[in-house]
Structure formats: C-alpha cells, structure tokens
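Me: Please take a close look at one helix of this protein for me. Start with the overall layout, then go into the details.

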Amino acid sequence: MSGALIFVDEMFAPMPHPMVNGTHVIIYNTKDQQGFNALLRYYVGHPDEARAMAKRGYLHTLRYHRTVSRVDYFMRTAHHEELVRSSHPQAGGYSPEHVTEHEHENEYEHTGRAVIGDFSKTMAVSPRPANWVR
C-alpha cells in the first residue's frame, strides 16, 4: 500500500460498490481549478485524515475492485442476460427484475442490469448532472 490518497475526476459509469466521495477517494470537478487547489491544501494540512481515507479506499478496492471481482461481475451479467433471453426451464421464472429485487442478499449479486441507470452506483458527487441520462 502506497498510502496515497486518490483524487479522481467524476466518472459516470455505473458499477457495483463504487468508491464514495469523501470516504474512499476525493472526487473533484475538472473545471474548478480553485476548488481542486483548496482540496489539495486541505488534505496536505490534514495528513491523518488523508491517510485514513487512503486506507479505506485501498481496502474497498481490494474487496470489490480486483480483477477477479470484475470478471465475476461480467460473467454473472452475461449469465443473467442469457437466462432472461432464453425460455429455458432452468431459468425458473428469471426476470430482469429478479436481480434488483434480490441484490442485497449477497454483496456479490450485482449484475449490469441491476446497476445500469442507478446514479448511486457511479463515482460522482451529488446531485446527478442534468446531462447524465441512462
């Protein structure tokens, strides 16, 4: 672990377990240089807070954003889409809504269909930008 606090610009790509601004990373507006500089000054002046956030971000990344987690997510999404498209009896009443209804039963139950269009699954600051349409 490098111990670095990550500053990142907003990303509007839905994903399971996104990094949270102020908890795991610092998300900044690329068009606000003064705001960015103020954030830098603040965290340089508060190294303990910066280290704690860096550690939370590192642990969150290890838990949810390793290659194996992403491959699992993609494979689960592909499998889910195939079940939805097929009329296969093993689908057992599988529907697009099935995942969103049950996604909290297991922290790794997310699929692409469950997170697409859900602003809370993006690495962004609120409120949702007016031009963010999914």
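Reply: Helices (H or I, at least four residues) and strands (E, at least two) are DSSP runs, numbered from the N terminus. Along the sequence, this chain reads β-β-α-α-α-α-α. That gives five helices and two strands. The model is predicted, with local features needing pLDDT of at least 70, side-chain atom pairs counting only at pLDDT 80 or more, and totals for chains, interfaces and linings using all residues. Residues are numbered from 1 along each chain as its sequence is written, and side-chain values use heavy atoms, with hydrogens and water left out.

Now to helix H3, residues 67–85.

Buried means under 20% relative accessible area, exposed over 50%, and partly exposed in between (1.4 Å probe, protein chains only). Ser69, Tyr73, Arg76, Thr77, His80, Glu81 and Leu83 of H3 are buried. Viewed down the axis of H3, these buried residues fall within an arc of 160°, so they line one face. The arc is taken from the directions from the helix axis to the C-beta atoms. The face of H3 turned away from the buried side carries exposed residues: Thr67, Val68, Phe74, Met75, His79 and Arg85. For the whole chain of 134 residues, 31% count as buried.
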